[in-house]
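Thanks for coming. I have a few minutes on one structure, and I will go through it in order.

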Amino acid sequence: MKYFLRKTLILVLTVFLISVLTFIAFHIIPGDPAGLILGTNATEEQLEALREQLGTNRPLSEQYTSWISGFVKGDFGTSIRYRMPVSELLKGRLPVTLALGLISLVIILLFGIPLGILAARKRGTWVESVIHFLTILGISVPNFFLCILLMWIFGMVLHFFTPGEYISYTKNLPGFFRSLFWPALSIAIPQTAILTKYIRTAMLEELDEDYVRTARGKGAGETWILYLHVLKNAIVAVVPLIGMIVASVLSGSIIIEQVYGIPGMGKLLIGAVTSRDFPLTQTLVIYITVLIVITNFLVDIAIQLIDPRIRLGGKS
Amino acid sequence: MKKKILAMLITAVMAVSLAACGGGGGNGTESDTFIYGMAGEITDFDPFSSGGTANSRYVTFNIFEGLVKVSTDGTVKPAVAQNVDVNEDATVYTFTLRDGIKFHNGSEVTMDDVLYSVQKAVDGGLTGYDEIASFEATDDKTLVVTLSRTDAGFLDYFTQAIIPAGSDDNGEMLLAPIGTGPYMFGEYEVAQQVTLKKFDEYWGEGGSIGEIVVKFLSDQNAQLTSFQSGAIDGFGGYGEMGEQINEENATITQTLSNMSQVLALNNAVKPFDDVRVRQAVALAVDSHDVLDTINYGIGQVVGSPVPPALTKYYMPELEDQYAKDNDAALALLKDAGYPDGFTFTVRVPSNYPVHVHCAEKIVSQLAEVGIDMKIEQVDFGTWYEKVYKGRDYEATMISVDGSTISPTAFLARYVSDSKSNFMNFSSAAYDEAYAKALNATDEASQIEAFKAVQQILADECPGVFIEDIGSLTVYTKQFEGYNSYPLTAMDFTAVHKAE
Amino acid sequence: MRDGKKELRIGLVLTGIILGLALLSLFYTPYNYNAMDKTARSLAPSLKHLFGTDSYGRDIFSRAIFGSRYTLLVALSTVGSCTVIASVLGLVSGYVGGLPDEIIMRIIDAISSFPDILIALMVVTVLNLGQFTIVVALCITFVPSFTRIVRTATLQYKNAEFVKNLRVFGVSDLRILLVHIFPNTFPLLLSTIVIGLSNAILAEAAMSYLGLGIQPPIPSWGRMLQEAQTIVYTAPWAAVCPGIMIVVTIVGLNCIGEGLRKLYL
């Protein structure tokens, strides 16, 4: 219980830290939201009127304090770019990015772990070589290039899907998942390769440990049971990777959403930053922070469950 | 055991991919819908407070109409007004409202609505509306606008939207516009798309497609992919995209973008404070080569900020005033004290790949006369603040558009004390000629005066005016019909099903 | 493939090819990297143009080898500096634990959830290091994942039997950390470094959008790939050459890493 309290306190602190960081960032980077809305045609009067209307003529510190005092009451402010409540903008997008992330994560785990074990299990054979080659390819093929390849082969040539078409979950739920599958696959492939590689490395490490040699010597045989047992130890090294993968999925989805035209968080964030939309950026950054902090927190617990040698809190 | 796991893996793959292959494409081509893909997005539809963003104007052209509206040849024609009378010295404009014209909400357009809308435009400080000394309704159908000075080109500004009285008191137009145009606002999905519906009670000849969907795509790659996959029925893009389209299943229309791309030089910093250096740069740049190489020859070389679409004011003779001439450039550089050339940095807004690529071409051209140009990409927000507003730069590349089709929209920024004079151009001769052009009483003398203004600009060379970059409008074979306007507009009434 | 020698050899050959080409470009490229030719647009690979030309008629092979030194320099210095910083942070955080760990990890959390695009914009505004501002920006965005890897590996060994024994014998913490724990983090760190390099090459291109990175007309592999995207349906070879350069580099480095690991760890 005390542990949870502490973690919650840390989460709040991190969120606060990140909101201050965002504030500082906006303080530093140049850009006038009103000017970016009106472009190079606007007269000074038009600009002034719009700034007044948007509230961007106030000092940034004032904008920040009014935003944060609203935030603690659950009011995320009004987007400058879209002129509507931030909460309304988020409502439609949260499920999209979450679904995209979850589908990717499922694919990554579903393939990454078995392939990693298989590679370790079959070391020295052609199976390992093939997997090894595929992982290296998966890691080194650029993300957006992979998107294009998938779009081209499965979209244009084989007509499995229509690139550029997105189906809203409010209209057609199965269609929604279908339209997210290929983007999710684009995010998942490099991450799956990374996971496979790490699992294999960690497994091989573990297989060289004394206890495995002893077990083998005793005639335990090369059964999957043995490998599952080894996996348990190997996975400790890999679990933190899940945190990394979640972060990569989140940041990867930014590019993927752009390429596939999916209206998720990533696309919104790019728009928010390039148009210097302070309230929207603040809220999005905090949302991402909360997701990542919670994931890492779960990862910490998972490590502890698997390997009690590592104690929560880290003090020995 | 291991076979089992492998089998499980394979089953999983099959299950996932089968689930993914279930649905096919299927877009609106069979129904009465035209899906148009736009590179970028529309974030508001407000005709007054913003009226600014090109993307917004592109679409709201179909929703709103002014008392007069622009026609394809660049002249204005009556719209909400049936008739316009102008007095002799172009200071009093009298408009007669059209009978029985309706807003999208079903109510009839009255004089109250017109007065409300004009007042909105005046309050919003829209270009040209500062010339209005007074406006009043002499009866339910007649509006009299009196200008503070003579202006034969005033109607060009009067295309601003007429909206129902009181409908925008709290900024409602931003996300729920109501106008009198041929298409009415349907549904807006933030950062995704906007749907327009045909307005059946339109006073004029409306469109033939029942529903228009404008999809917001992230860039030209997304446009190409969506078009090739059939997710969209048409799009507008740059000339270089034409190569990627198979002409057998597409109709491509070429038009101009109605703005001049300029290599803007900061006239206040060395060495560009010397007119000889600016001219030398202009002579070293080969606009024709830039147009042919980067833009596939789609577009037109210009020599002035006024684009060719303003036919009356356009001066073809300026196109080659600075035709490529390395010897002349070298002579000018030597004269100005730079016999070995110099180095400068051009800050290019990175969201416009076309400007970045043109800059790459110009790097090689300037190298021929010993000028070393370095490219520095900046994001548009930074560009706007630092370069455009802060004027903290040596050179930049941009296409500057005009909000209306009047020459002032393109030439006003070069007046020495103009707030938008981001090139720091300063010329007493220009200021004087420009003031004279504004005060011309009849059209002929105004045209002549604005030509004189452009000549001075070309001679003093604030920057290198390169080209009006061409644009393409691409449809699938199922659709045809495109109207080209001398300003940013996509006229959906022109689109119809192919036979 | 059991012994690392074979892998090491393959790795050295592959990276040798890339370095050789980079070296060659110092003295010779078949064409000028920025020479456009409107009569030779999007040509397929031929004897005249080994890897074809791009949409402006520039020779892709010349561009790829000319750009290699800039691309590699950015990627290597990014990952190099990042590894140093992350090793220190990860070792301290994992070994010392307690408050220092908490502080470092919270900062790491904050950075990793902070959008790259904001970091990049800040760095480019504050620093003015020209072409190499990118290294700072990328380094900041890469540090969190590197640090987490090192920290976890450290945690794993911190309470291991052999470390406990060393402590009993009075070996100093610093020595334990550097001599006995740090080398154990290498296998995972090596993988991370190789992945980091390929990420850095690609991130450079993404960041050029914000005014960071190798500025045109100087080509970089990442930007060449990005620009090939527009013409991929009609001239797919525009993506092949930079793609091959990236893949060969990464595969080469990966093999060297694997080989070294098998031989010495």
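This is a predicted model: local features need pLDDT of at least 70, side-chain atom pairs count only at pLDDT 80 or more; totals for chains, interfaces and linings use all residues.

Everything I quote is computed from it.

So, chain B. It has 12 helices and 19 strands. Along the principal axes, the C-alpha atoms of chain B fill a box of roughly 80 × 80 × 40 Å. What radius of gyration would a compact globule of 499 residues have? The rule puts it near 23 Å, and chain B comes out at 25 Å, which agrees. Of the 499 residues in chain B, 53% are buried. If you take the contacts in chain B between residues at least 6 apart in sequence, 70% of them join residues at least 24 apart.

Now some strands in chain B. Please find β7, residues 142-147. This strand pairs with β5, residues 92-97, in the antiparallel sense, over 5 bridges. In that pairing, B:Thr94 stands opposite B:Val144. β7(B) also pairs with β6, residues 132-139, again antiparallel, over 6 bridges. There the bridge partner of B:Phe135 is B:Val145. The link from β6(B) to β7(B) is a hairpin through 2 residues.

Next, the core. The largest nonpolar core has 311 residues, and the members touching the most other members are B:Leu263, B:Val281 and C:Ala120. The element giving the most to this core is helix α10 of chain A, residues 224-260, with 18 residues. What does B:Val281 touch, leaving aside residues up to four places away in sequence? The answer is B:Leu265, B:Leu366, B:Ile371 and B:Val464.

On to chain A and its helix α1, residues 2-28. At 1.5 Å a residue, these 27 residues should span 39 Å, and the end C-alpha atoms are 39 Å apart, so the two agree. Which residues of α1(A) are buried? They are A:Thr14, A:Ile18, A:Thr22, A:Phe23, A:Ala25 and A:Phe26. In general, an α-helix has 3.6 residues a turn, so residues three or four places apart point the same way. The cover over the buried residues of α1(A) includes α4 (60-72) and α12 (278-306) of chain A, along with α3 (98-113) and α4 (116-126) of chain C.

That leaves the contacts between chains. Between A and B, 49 residues of chain A are in contact with 50 residues of chain B. Several helices of chain A each supply at least two residues to this side, among them α2 (33-38), α5 (86-121) and α8 (173-207). The largest share, 6 residues, comes from α3(A). By class, the side of chain A that touches chain B divides into 23 nonpolar, 17 polar and 9 charged residues.

Between B and C, the contact takes 21 residues from chain B and 19 from chain C. On the side of chain B, the elements that give two or more residues are α4 (220-229), α6 (287-294), α8 (353-367) and β15 (372-378). Of these, α8(B) gives the most, with 5 residues. That side of chain B has 5 nonpolar, 9 polar and 7 charged residues.

That is the end of my list. I will take questions now.

Key:
Residues are numbered from 1 along each chain as its sequence is written. Chains are lettered from A and ligands numbered from 1 in the order in which they are written. Two residues are in contact if their C-beta atoms, placed from the backbone, lie within 7 Å. Helices (H or I, at least four residues) and strands (E, at least two) are DSSP runs, numbered from the N terminus. Ala, Val, Leu, Ile, Met, Phe, Trp, Tyr, Cys and Pro count as nonpolar, Asp, Glu, Lys and Arg as charged, and the others, Gly among them, as polar. The expected span of a helix is 1.5 Å times one less than its number of residues. A residue is buried if 20 or more other C-beta atoms lie within 10 Å of its own, exposed if 12 or fewer, and partly exposed in between; C-beta atoms are placed from the backbone. A nonpolar core is a set of buried Ala, Val, Leu, Ile, Met, Phe, Trp, Tyr and Cys residues joined through C-beta atoms within 7 Å. The radius of gyration is taken over C-alpha atoms; the globule rule is 2.2 Å times the number of residues to the power 0.38. Two strands pair if DSSP finds at least two bridges between them.
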